[in-house]
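Dear colleague,

I am passing on the structure that we spoke about, and below it you will find my notes on what turned up when I went through it. Please read them with the model open beside you.

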Amino acid sequence: MAVQGPFKVSFGDVFPFGAFIKGGVEPVRDFDRSTRENFVQARDKESGELVWAVEVLDADPESKGTFKVKLMAPVQPVMPEAPAGFPFVPVEFDGLAVTPYVNSGTGRLAYSLKAAAVRPANFKGNGSGRTAAKDNAAKDAA
C-alpha cells in the first residue's frame with residue numbers, strides 16, 4: 001500500500017463550512033515518556049517539533065461535538081483573536097494531514113488531524129458563515 005501514515009488533505013475538504021477554535025493551545029502529553037509526577041511533551045515523529053493541540057468546532061451543522069487538531073511548533077503557537085462579538089475564533093489550517101486509526105475503546109474508525117500552521121480565517125462576519133476555504137471549494141466545483 002502506498003499510503004504509509006498521515007495523508008495530506010485540503011482545509012476545504014475537511015471543513016467545507018469552516019472551523020472555529022474553542023479555548024487555547026495546550027501541550028500534548030507524551031504518554032510513553034511521561035509519568036504521573038513528570039509531564040513530558042510529545043514530539044512529532046517526522047519533524048521532531050513539539051506537539052500542541054487546539055480544540056476545534058466544525059461549523060458543519062451536522063457535526064457533533066468538538067475534536068483536537070495537533071500543531072507542530074518549537075514554541076507554543078499564538079492563536080488569532082476572535083472577531084468582536086464572537087466567542088470562538090474562525091481559523092484555517094495549513095498543511096492539514098489526516099491519520100486514520102481504530103479507536104481501541106469503541107472499535108470504530110477514527111481520525112487524527114494535524115496541521116503545519118493555523119491562521120485567521122478570511123471570515124466575512126456578515127452572517128453568511130462562508131470562509132475563504134468554502135469560497136475556494138465553490139470556485140473549484142464550478
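Which residues form one aromatic cluster? The cluster is made up of F11, F15, F67 and F93. Before I go further, please bear in mind that this is a predicted model, in which local features need pLDDT of at least 70 and side-chain atom pairs count only at pLDDT 80 or more, while totals for chains, interfaces and linings use all residues. Residues are numbered from 1 along each chain as its sequence is written, and side-chain values use heavy atoms, with hydrogens and water left out.

As to the overall architecture, the protein chain has two helices and eight strands, taken as DSSP runs numbered from the N terminus (H or I of at least four residues for helices, E of at least two for strands). Their order from the N terminus on is β-α-β-β-β-β-β-β-β-α. Of the 142 residues in the chain, 33% are buried, where buried means under 20% relative accessible area, exposed over 50%, and partly exposed in between, using a 1.4 Å probe and protein chains only. Among contacts (heavy atoms within 4.5 Å) between residues at least 6 apart in sequence, 57% join residues at least 24 apart.

Turning to the aromatic residues, a search of the whole structure finds four aromatic pairs; rings of Phe, Tyr and Trp (its six-membered ring) pair if their centres lie within 6.5 Å, and planes under 30 degrees apart count as stacked, over 60 as edge-to-face and the rest as tilted. One of these is the stacked pair of F15 and F67, with 5.9 Å from centre to centre and 10° between the planes. Because F15 sits in the loop between helix 1 (11-14) and strand 2 (19-27) while F67 belongs to strand 4 (residues 66-73), this pair ties together parts that are 52 residues apart in sequence. F15 is buried, at a relative accessible area of 0%, whereas F67 is partly exposed at 26%. F15 also pairs with F93, here in a tilted arrangement with 6.2 Å between centres and 40° between the planes. F93 lies in strand 5 (residues 89-94), so the pair with F15 ties together parts that are 78 residues apart in sequence, and F93 counts as buried at 3% relative accessibility.

The charged side chains give six salt bridges, each being a side-chain nitrogen of Lys or Arg within 4 Å of a carboxyl oxygen of Asp or Glu. Among them is the bridge between E26 and K68 (3.4 Å, N to O), which links strand 2 to strand 4 across 42 residues; E26 is partly exposed at 43%, and K68 is partly exposed at 41%.

A further bridge joins D44 and K114 (3.0 Å, N to O), with D44 in the loop between strand 2 and strand 3 (50-58) and K114 in strand 7 (residues 109-115), 70 residues apart. Both D44 and K114 are buried, and together with E46 they are linked in a network of salt bridges.

Finally, R119 forms a salt bridge with E92, the closest N and O atoms being 3.1 Å apart. Since R119 lies in strand 8 (residues 117-120) and E92 in strand 5, the pair ties together parts 27 residues apart in sequence; R119 is partly exposed at 35%, while E92 is buried at 4%.
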